[in-house]
Amino acid sequence: MSTSTTASVSTHILDTSIGRPAQGVAVRLSARTGPGAHWQALGGSVTDADGRCKDLPALPEGTTHVRLDFAVEAYFENVVKKQADAQQDAPANRDSGAGVFFPEVAITFAVVPGEHYHVPLLLNPFGYSVYRGS
């Protein structure tokens, strides 16, 4: 939870290719205190059955930039591949390229103290979108 001197972050992932939350995706949270500062790894979480990370660590005082790293390769290899095999025209069955186009998604954004930032990831095997939610 944010205070007047810190910001807070939450996220969730929706797999738009199947219209369901993406469960079991590892998410890492990092922060820094300015554009030239080094990133400090704060910890991480794994998305639950609702695609949410409910236990991301708190941001330290003075944080100005946050990075969320989503490890989506394992999700697509373990979960979506099984679903794709059940569909005759699924991308996994018609493409001869790599199984996962985006093995990870890194989102960096600016924060200000006292604000909460909910950053949803809309994900599919060949693209993604993010936005500041509520």
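How much accessible surface does the protein chain have, and what share of it belongs to carbon and sulfur atoms? The accessible surface comes to about 7600 Å², and 51% of it belongs to carbon and sulfur atoms (Shrake-Rupley method, 1.4 Å probe; for residues, only the protein chains shown count as cover). The model is predicted, so local features need pLDDT of at least 70 and side-chain atom pairs count only at pLDDT 80 or more, whereas totals for chains, interfaces and linings use all residues. Residues are numbered from 1 along each chain as its sequence is written, and side-chain values use heavy atoms, with hydrogens and water left out.

The protein chain has two helices and ten strands (DSSP runs, H or I of at least four residues for helices and E of at least two for strands, numbered from the N terminus). Their order from the N terminus is β-β-β-β-β-β-α-α-β-β-β-β. Of the 134 residues, 36% are buried (under 20% relative accessible area; exposed is over 50% and partly exposed in between, with a 1.4 Å probe and protein chains only).

We turn next to the interior. In soluble globular proteins, nonpolar side chains tend to be buried together. Here the largest nonpolar core holds 26 residues, of which Val9, Leu68, Phe70 and Phe109 touch the most other members (a core is a set of buried Ala, Val, Leu, Ile, Met, Phe, Trp, Tyr and Cys residues joined through side-chain atoms within 4.5 Å). Elements giving two or more residues to this core include β1 (8-15), β3 (26-32) and β6 (65-71). Beyond residues up to four places away in sequence, Phe70 is in contact with residues including Ile13, Val27, Ile107 and Leu121 (heavy atoms within 4.5 Å).

Thr47 sits in the loop between β4 (40-46) and β5 (52-53) and is buried, at 4% relative accessible area.

Four salt bridges are found in the whole structure (a side-chain nitrogen of Lys or Arg within 4 Å of a carboxyl oxygen of Asp or Glu). One of them joins Asp69 to Arg28, with the closest N and O atoms 3.6 Å apart; Asp69 is in strand β6 and Arg28 in strand β3, 41 residues apart. Asp69 is buried, at 9%. Lys54 and Asp48 also meet, at 3.7 Å; Lys54 is exposed at 64%, while Asp48 is partly exposed at 23%.
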